[in-house]
Amino acid sequence: MTNKKKIKIAEADLNKPRMNTNKHIYDLKIFVNIRVYSWLNFAFCTLIFTFPSIGRSAMPKEQVFSLFTQANQFFREANTITNDPDKAQKLYEKAILNYEKIVSDGRIKNSKLYYNLGNAYFLKEDLGRAILNYRRAESLDKADTNIQKNLAFARSRRIDTVEIRTEKRILEKLFFWHYDFSIKTKFLITCICLAIVCIGATVMLWRGKSAGVVATAVICGLLTASFLASVILETRSRANTICGVITAGQVVARQGDGPNYPASFKDPLHVGTEFDLLERRTGWFHITLSDDSEAWIPDNAAELI
């Protein structure tokens, strides 16, 4: 199966649940092309994203709507172009500029907006910034399966394959609920379990203990403690960990913060490689990869999440 076919299947599967049958909003003529499915998702996400976020925007509401309208139009036009790739790329760039302006000038941070940006960058063949924006979307909504699938698909297109250390892989399997569930989901489960514990305690106080009520209260109590600890740990981890993505085509990682230091690895690091930031100095990032290897890279070769 060619890469082109893989892209079609992945994008179609991701966006089918988001399609709307309202003919006044969407053009329902389905082209067998990745771009059309992505545009439908753009339009749908726009409706979700705009209304809850405008109140926090630093832009006038009319300007936000205008930027959205223009971005969607540029994106839709690019989707329909099949015989002029350069023109399609320019239209994607215009759409991206509008969305980036909403982020920077409007001060709006929303998982749907970052997801849209990730899709636009991916179609523009900017893999680094596609992964960057999928990661930003993921940090705001870890439970969104569309974000997870698109992120995984973009990662599969990278040149570098950095292994995750064995200890972390084992922990992710044993404590999958800690790594896979979003903070909101875990907090909701904590509240539900705590409520059940309180109800169980009340029942035992009024009607006496029974095996079923006691077992339920104990299990829910353990779940409450586990999920609450998970929420606290993830909150602290987010506060203390800064992540990033290499956006340059390739970069030579050094053993120190200067071009005269020897290379840390035999081969350069390529676009889309993710890292954790250890230290920041003028013009340089001190990074660690998923296999715990460390290096220094120029700060203009990467962007922070």
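1. Helix axes are here lines fitted to C-alpha atoms over the stretch in contact, and the angle between two of them runs from 0 to 180 degrees between N-to-C directions. The model under review is a predicted one. In it, the axes of helix α10 and helix α11 (residues 211-240) come within 8 Å and cross at roughly 150 degrees. Since an angle over 145 degrees counts as roughly antiparallel, α10 is roughly antiparallel to α11. The handedness of this crossing of α10 and α11 is left-handed.

2. Helix α10 covers residues 183-207, 25 residues in total. From its first C-alpha to its last, α10 reaches 36 Å, which is close to the 36 Å expected at 1.5 Å a residue. Four residues named as buried in this helix are Lys186, Thr190, Cys193 and Gly200. Gly208 follows α10 and has a positive phi, near 85 degrees.

3. Buried residues of α11 are Ala217, Cys220, Thr224, Phe227, Ser230, Val231 and Glu234.

4. The sheet deserves a separate point. Five strands make up an open sheet, with antiparallel pairing and the order β6-β5-β4-β1-β7. Strands β6 (294-298) and β7 (302-304) stand at the edges; each has a single partner strand, so one side of each lacks a neighbour in the sheet. From one strand to the next, the twist averages 45 degrees.

5. Within this sheet, strand β1 (residues 242-246) and strand β4 (residues 274-281) run antiparallel and are joined by four bridges. Ile242 stands opposite Leu277 in β4.

6. Turning to charged side chains, those of opposite charge can pair when their charged atoms come close. With a cut-off of 4 Å between a side-chain nitrogen of Lys or Arg and a carboxyl oxygen of Asp or Glu, the count comes to 11 salt bridges. One of them joins the side chains of Asp144 and Lys112, at 2.8 Å from N to O. Asp144 lies in the loop between α6 (127-140) and α7 (145-155), whereas Lys112 belongs to helix α5 (residues 111-123), so the pair ties together parts that are 32 residues apart in sequence. Asp144 and Lys112 are both buried.

7. A salt bridge also links Arg129 with Asp126, where the closest N and O atoms are 3.2 Å apart. Are these two residues buried or partly exposed? The class called buried lies under 20% relative accessible area. Asp126, at 15% relative accessibility, therefore counts as buried, while Arg129, at 25%, counts as partly exposed.

8. For the salt bridge between Arg281 and Glu279, the closest N and O atoms are 2.7 Å apart. Arg281 has a relative accessible area of 39% and is partly exposed. Glu279 is likewise partly exposed, with a relative accessible area of 29%.

9. Finally, a network of salt bridges links Arg135, Glu138, Arg155, Arg158 and Glu274.

How values were computed. Residues numbered from 1 in each chain as written. Predicted model: local features only at pLDDT ≥ 70, side-chain atom pairs only at ≥ 80, totals over all residues. Heavy atoms only, no water. Pairing = 2+ DSSP bridges. Helix = DSSP H or I, 4+ residues; strand = E, 2+ residues; numbered from the N terminus. Buried < 20%, exposed > 50% of the residue type's maximum accessible area, 1.4 Å probe, protein only. Expected span 1.5 Å × (residues − 1). Parallel < 35°, antiparallel > 145°, perpendicular 65-115°, else oblique. Left-handed = near helix turned anticlockwise from the far one by under 90°.
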